[in-house]
Structure formats: C-alpha cells, structure tokens
Amino acid sequence: PLGEIVRIGSARFRVVGVMESKGQVLGFDMDDAVYIPAARALELFNRESLMEIDVVYGSTVRSDRMARAVRTLLINRHGREDFTITTQDQMLDVLGAILDKLTLAVAALGAISLLVGAVGITTIMTIAVHDRTAEIGLLAALGATRTQILGIFLGEAVMLAMVGGTLGLAAGWGGSRLIHALVPALPTHVSPLYMTLSLVLSAIIGVSAGVFPARRAARLDPVQSLMAE
C-alpha cells in the first residue's frame with residue numbers, strides 16, 4: 001500500500017508506511033488503526049487541542065524519568081501544568097487494583113456458595129440420619145462400632161460434596177470453553193492445580209458439614225433405634 005491514497009472523510013492521505021501487525025488483544029483488532037499528522041487531524045475533526053499524546057521510549061529508560069522529562073517540556077511550552085501524565089506503570093497498578101477487587105468479590109461469592117452448600121449437606125445428612133434410625137440400630141446390633149457408623153455417614157457427606165464439586169468444575173470448564181469459542185482471542189484456561197484444590201476443598205466442606213449428623217448417628221442407642229418406625 002505504500003504510495004497509495006486513503007480517503008478519510010473529505011481528506012485524502014498518502015500512505016508513507018505500514019506498522020508491524022500486533023494482532024488482537026481481548027477481541028480488539030490492534031491493526032485497525034491509522035496515524036495521520038496531528039495538525040491535519042485537528043483540522044479534520046474541528047478541534048483546537050489534542051486530547052492525548054502517547055510517548056514511546058526505550059525499554060532501558062525508567063518511566064518516572066521519562067514522565068519528569070515530558071512534564072518539564074510541556075510546562076515550558078504551556079507556561080503552566082494544564083495536563084495529566086499517566087505512565088504505563090500507573091496504568092498497570094490501576095488495572096491490578098481493579099483485578100484485586102474483582103478477585104475479592106468472586107472470593108466472597110464463592111465463600112457464600114460454600115456456606116450454602118455446607119448448610120445443605122448438613123440438612124440432607126440430618127434428614128438421612130432421622131430416616132435411617134432403624135438401619136443405624138441394626139448396624140449397631142450386628143456389631144458395628146460408633147467409629148464405623150461415624151465413618152459411614154462422614155463418607156456419604158464427603159461423596160455428596162465431591163459430586164457437587166465435580167458438577168461445579170464441569171460447569172466452570174464448560175463456561176470457559178464457551179467463552180473461548182465466542183471470543184477466540186480471549187485467553188481462557190482452567191488450571192489443573194486449582195481443579196485439584198477445589199475438589200480437596202469440597203471434601204473438607206463435606207467433612208465439616210457431616211460431622212454433626214454423623215456424630216448424632218453414632219451416638220444413637222441401638223435398642224431405641226431398632227424400635228424406631
């Protein structure tokens with residue numbers, strides 16, 4: 001395209017260079033941009049001043065040092081500091097702060113979900129103990145110890161929690177794949193480490209939620225349990 005004419009609005013521009021391709025970032029095409037002289041741009045868009053100036057500098061130069069140089073130059077030209085300088089480091093700090101708040105919000109929602117799940121498991125296991133009182137009495141009569149009965153109900157609580165955790169992982173993995181299919185440029189990845197930790201956490205929640213009903217089942221009197229309807 002070098003030397004070709006490009007029309008922007010009512011203005012004509014000649015292509016004098018082509019930048020390297022940058023590809024897409026978060027679904028945005030970074031190559032869909034043109035650079036024109038500032039004076040022509042102000043005239044084309046009927047503006048009296050620039051809204052933003054991007055400064056490119058070498059990787060060996062500190063951003064704060066470059067910011068001081070830019071500030072000194074603009075103050076000398078404008079006579080006063082009527083501008084704001086935002087360095088890339090500051091932009092990254094702001095982005096990091098936003099991501100930290102999002103992470104905290106997601107963690108809070110996750111904690112609430114875990115609490116609701118734990119209450120649900122406790123309720124289910126308490127009902128199960130009540131409905132299976134005669135079964136518990138029969139196990140005790142056949143020689144099952146309190147520790148064995150405790151282990152049975154704790155195991156059921158853990159299995160219940162693990163099933164819920166597995167379904168949650170499947171939903172999360174499917175959601176990430178769906179997002180990747182809709183926005184291929186957006187990197188989505190489910191870490192195997194976090195998947196393993198989530199299952200371990202599910203097991204811990206199951207044990208914690210099942211302790212009370214399991215201990216209740218283990219402490220039932222065998223004779224009274226066998227007489228239960």
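Where is Thr 87 found? In this predicted model, Thr 87 lies in the loop between helix H2 (63–78) and H3. Thr 87 counts as buried because its relative accessibility is 13%, and the cut-off for buried is under 20%. Leaving out residues up to four places away in sequence, Thr 87 touches Ser 63 and Ala 67.

Helix H3 spans residues 88–131, and it packs against helix H6, residues 192–218, at an angle of about 30°. The axes of the two helices are 9 Å apart, and H3 passes H6 in a right-handed crossing. On the H3 side the contact is made by Leu 114, Ala 118, Ile 121, Thr 122, Met 125, Thr 126 and Val 129. H6 contributes Leu 201, Ile 205, Gly 206, Ala 209, Pro 213, Arg 216 and Ala 217. Sorted by class, the residues in this contact are ten nonpolar, three polar and one charged.

Some of these names come back in the nonpolar core. The largest nonpolar core has 13 residues. Those with the most contacts inside it are Ile 121, Met 125, Val 129, Ile 136, Ile 149, Phe 153 and Ala 217. At least two residues of this core are supplied by each of H3, helix H5 (146–182) and H6. For Ile 136, neighbours within four places in sequence are again set aside; Ile 136 is then in contact with Val 129, Ile 149, Phe 153, Ala 217 and Leu 220.

The next residue to look at is Arg 132, in the loop between H3 and helix H4 (133–141). Is Arg 132 buried, partly exposed or exposed? Arg 132 is partly exposed, because its relative accessible area is 22% and this class runs between the limits of under 20% for buried and over 50% for exposed. Not counting residues up to four places away in sequence, Arg 132 touches Phe 153 and Glu 156. Phe 153 is also one of the contacts of Ile 136.

Arg 132 and Glu 4 are 128 residues apart in sequence, and their C-alpha atoms are 84 Å apart in space. Ile 5 belongs to strand E1, residues 5–8, which is joined by four bridges to strand E2, residues 11–14. The two strands run antiparallel, and Ile 5 stands opposite Arg 14 in E2. E1 and E2 form a hairpin with two residues between them. In the turn, Gly 9 has a positive phi of about 65°.

Notes: Residues are numbered from 1 along each chain as its sequence is written. This is a predicted model: local features need pLDDT of at least 70, side-chain atom pairs count only at pLDDT 80 or more; totals for chains, interfaces and linings use all residues. Side-chain values use heavy atoms; hydrogens and water are left out. Axes are lines fitted to C-alpha atoms, for helices over the stretch in contact, and angles run from 0 to 180 degrees between N-to-C directions. A crossing is left-handed if the near helix is turned anticlockwise from the far one by less than a right angle, and right-handed if clockwise. Contact means heavy atoms within 4.5 Å. Ala, Val, Leu, Ile, Met, Phe, Trp, Tyr, Cys and Pro count as nonpolar, Asp, Glu, Lys and Arg as charged, and the others, Gly among them, as polar. Two strands pair if DSSP finds at least two bridges between them. Buried means under 20% relative accessible area, exposed over 50%, partly exposed in between (1.4 Å probe, protein chains only). A nonpolar core is a set of buried Ala, Val, Leu, Ile, Met, Phe, Trp, Tyr and Cys residues joined through side-chain atoms within 4.5 Å.
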